[in-house]
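Open the model in your viewer and keep the selection tool at hand. The stops below cover a pocket and then some salt bridges.

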Amino acid sequence: MWLLLASGCRRRLGRALGAWGPRSGRSGPGAPPAAGLCDPQRSPSRQTSDAPRNQPASAEFVARSVGVCSMMRLPIQASPEGLDAAFVGVPLDIGTSNRPGARFGPRRIREESVMLRSANPSTGALPFQFLMVADLGDVNVNLYNLQDSCRLIQEAYQKIVAAGCVPLTLGGDHTITYPILQAMAKKHGPVGLLHVDAHTDTADKALGEKLYHGTPFRRCVDEGLLDCKRVVQIGIRGSSMTLDPYRYNRNQGFWVVLAEDCWMKSLVPLMGEVRQQMGGKPIYISFDIDALDPAYAPGTGTPEIAGLTPSQALEIIRGCQGLNVVGCDLVEVSPLYDPSGNTALLAANLLFEMLCILPKVKVV
């Protein structure tokens, strides 16, 4: 199912991964491999509360340039069994309508994630004390067939969700959210959606095709995957072909928050209203990096001016603390247009923030 970033993971346990020493406290070939690093002897059962959990390698002991590239330098694992949450790459961009390159997003986000650390002092979250987390590598998509890629993504995520693991996805273009939500709905039924984006992604079709990165949420509505009264779209903006481009969304019951309604203000009050609307039922977070102004996140395929700021992005994600979040994604990072790496760095930080607000993470 998985195309792992590190081929021959088992073969390298005592060598490359041992150099990480994520839980052993020591490095080098003699360090024992941590449980979960593609270890065939590891029990698939959920970790007990006092069992050791995977930890990102600390730069105090392991140089950031050392080790196989994974999200936050976490262990790479082939199966979701035994995990509470996992980072998953979906390197697909054949659904893009403008600038391509998001297929390279997962790889670049992982590279920039070496700057992340295990604690979030701003929120008091210590996710790795409460969750067993690993990197599941990438879904092996079909770059020559979008429909088949969606099938492969749905099948992969059904296995993740069935294992009780919350996926945090590194995209990939926004088409990927459609098959992910298909998998989510099979377990949870129609879910609420917090969609942060410059675009509503509810077009019906383009060039005669009903599936591309501008249509995922239209297809989700068609299939009953969303609890439409609990769908909130934040950051929407840009020119349009009509003067009423949001009619379809509002007719479905979506709450559309335009970017100009967010300018020059804190979004903490808005997120208080969002939490009230979402309630305790399952919700999914889908964050398109183009929700942010291209001054902060230029590396994306369909940029729109006058977007959100990074601090507002943090307020949105942190405002989901306490909600029943069952999955998240961060999509549309295109490294080809991100020479500094700042877009991918921002994406990596937002994914870490998503990890910090998962239901099992207690704020201390």
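Which residues lie nearest the centre of the largest pocket? In this predicted model, select His199, Thr200, Asp201, Ala203 and Ser240, which lie nearest the centre of that pocket. Colour the lining by class: eight residues are nonpolar, twelve polar and eight charged.

Next, turn to the salt bridges, of which the whole structure has 14. Select Asp204 and show its side chain. Asp204 is partly exposed, at 28% relative accessible area. Its side chain forms a salt bridge with that of Lys210, at 2.8 Å from N to O. Lys210 is also partly exposed, with a relative accessible area of 40%.

Arg219 counts as buried because its relative accessible area of 8% is under 20%.

Asp204, Lys210, Arg219 and Asp222 belong to a network of salt bridges.

For the last stop, select Asp244 and Arg247. Their closest N and O atoms are 3.0 Å apart, in another salt bridge. Asp244 is partly exposed, with a relative accessible area of 35%, whereas Arg247 is exposed, at 52%.

Conventions:
Residues are numbered from 1 along each chain as its sequence is written. This is a predicted model: local features need pLDDT of at least 70, side-chain atom pairs count only at pLDDT 80 or more; totals for chains, interfaces and linings use all residues. Side-chain values use heavy atoms; hydrogens and water are left out. On a 1 Å grid over the protein atoms alone, a cavity is a set of points where a 1.4 Å probe fits but cannot get out, and a pocket is an open set with protein on both sides within 12 Å along at least five of seven lines; lining residues have an atom within 4 Å of a point. Ala, Val, Leu, Ile, Met, Phe, Trp, Tyr, Cys and Pro count as nonpolar, Asp, Glu, Lys and Arg as charged, and the others, Gly among them, as polar. A salt bridge is a side-chain nitrogen of Lys or Arg within 4 Å of a carboxyl oxygen of Asp or Glu. Buried means under 20% relative accessible area, exposed over 50%, partly exposed in between (1.4 Å probe, protein chains only).
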